[in-house]
Amino acid sequence: MSIIKSRIVAEQDLERCFKIEAESYAGDEAATKEKILKRIQTYPEGFIVLENEEEIIGFVNSGATHNVELSDEEFKELVGHDPSGLHIVIMSVVIHPKYQRRGFANLLLNHFIGSMKEMGKSNIYLICQTELIDLYAHHGFKHLGESGSNHGGLSWHEMSLQLK
Ligand SMILES: CC(C)(COP(=O)(O)OP(=O)(O)OC[C@H]1O[C@@H](n2cnc3c(N)ncnc32)[C@H](O)[C@@H]1OP(=O)(O)O)[C@@H](O)C(=O)NCCC(=O)NCCS
């Protein structure tokens, strides 16, 4: 059984993170390499990777803000991001297909939520598709309603977790 650890992303993780994103999300849901690089460079504290002894298994990336607007597509490029913002908006939660359905998303979310609590953040927000509502509800996220976003041509739900 290999050892699983989480850590803050580094710039040399770009290729692996892009590969995971591109192989896991359908079509234009996946972020481009440029967007992932921008997230790594702009807010590494909000970009947590999960890895075994060989490679990165998956990651969560996010931005911080004072004003949450979940349907704002520009925020995915961190337009409006302010590291002092107490609200965290998750852009991506992803586990490489090779490692899916083995509890790694639950582990990654536990680590991510713990990091955000340690950083003193107040809430975490995200949008997800219907079938993943329960995954996030299991971590205490509340369903806020349907999202105005049509990201990737799909319908989305807004969820949030209060940290304090
Ligand atoms: C969604 C994703 C991160 C789940 O990763 P995973 O490591 O397979 O998830 P886990 O094995 O930790 O499962 C966590 C829980 O979610 C459930 N789950 C996982 N994938 C699911 C799916 N596709 N549909 C419904 N439920 C799912 C599991 O049954 C488990 O439930 P439990 O805690 O009650 O046992 C992964 O499938 C992925 O990367 N998908 C592509 C990217 C994506 O859509 N990300 C979500 C963005 S909101």
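**Exercise 1. What span should the 15 residues of helix α3 (residues 104-118) have, and how far apart are its end C-alpha atoms?**

Setting: residues are numbered from 1 along each chain as its sequence is written. The model is predicted: local features need pLDDT of at least 70, side-chain atom pairs count only at pLDDT 80 or more, and totals for chains, interfaces and linings use all residues.

Step 1. Helices (H or I, at least four residues) and strands (E, at least two) are DSSP runs, numbered from the N terminus.

Step 2. The expected span of a helix is 1.5 Å times one less than its number of residues. For the 15 residues of α3 this rule gives 21 Å.

**Exercise 2. Describe the residues around the ligand.**

Step 1. A residue is near a molecule or strand if its C-beta atom, placed from the backbone, lies within 6 Å of it.

Step 2. There are 17 residues around the ligand, and I95, Q100, A105, C128 and L135 come nearest. The elements that give two or more residues to this shell are β4 (87-95) and α3.

Step 3. Sorted by type, the shell holds nine nonpolar, five polar and three charged residues. Here Ala, Val, Leu, Ile, Met, Phe, Trp, Tyr, Cys and Pro count as nonpolar, Asp, Glu, Lys and Arg as charged, and the others, Gly among them, as polar.

**Exercise 3. Which residues of α1 (14-24) and α2 (residues 33-42) are buried, and what do they pack against?**

Step 1. In α1 the buried residues are C17, I20 and E21. They cover an arc of only 95° around the axis, which puts them on the same side of α1. E15 and E23 are exposed on the other side of α1.

Step 2. In α2, I36, R39 and I40 are buried. Seen down the axis of α2, these residues fall within an arc of 100°, so they line one face of the helix.

Step 3. Two residues are in contact if their C-beta atoms, placed from the backbone, lie within 7 Å. The cover over the buried residues of α1 includes α2, β3 and β4. The buried residues of α2 pack against α1, β3 (56-65) and β4.

**Exercise 4. Are L78 and R101 buried or exposed?**

Step 1. L78 lies in the loop between β3 and β4, and R101 is found in the loop between β4 and α3.

Step 2. L78 has 22 C-beta neighbours inside 10 Å and therefore counts as buried. R101 is exposed, with 8 other C-beta atoms within 10 Å.

Step 3. L78 has a positive phi of about 65° although it is not a glycine. R101, not a glycine either, has a positive phi of about 65°.

**Exercise 5. What do Q129 and N52 touch beyond their sequence neighbours?**

Step 1. Q129 sits in the loop between β5 (123-128) and α4 (133-137). Q129 is exposed, with 12 other C-beta atoms within 10 Å.

Step 2. Not counting residues up to four places away in sequence, Q129 touches L154 and W156.

Step 3. N52 belongs to the loop between β2 (48-51) and β3, and with 14 C-beta neighbours inside 10 Å it counts as partly exposed. Leaving aside neighbours within four places in sequence, N52 is in contact with S2, I3, I4 and I57.

**Exercise 6. What radius of gyration does the protein chain have, and what would a compact globule have?**

Step 1. The radius of gyration is taken over C-alpha atoms, and the globule rule is 2.2 Å times the number of residues to the power 0.38.

Step 2. With 164 residues, the rule puts a compact globule near 15 Å; the protein chain has 15 Å, which agrees.

Step 3. The C-alpha trace spans about 40 × 35 × 30 Å along its principal axes.

Definitions and conventions:
Buried ≥ 20, exposed ≤ 12 C-beta atoms within 10 Å, placed from the backbone. Arc of directions from axis to C-beta.
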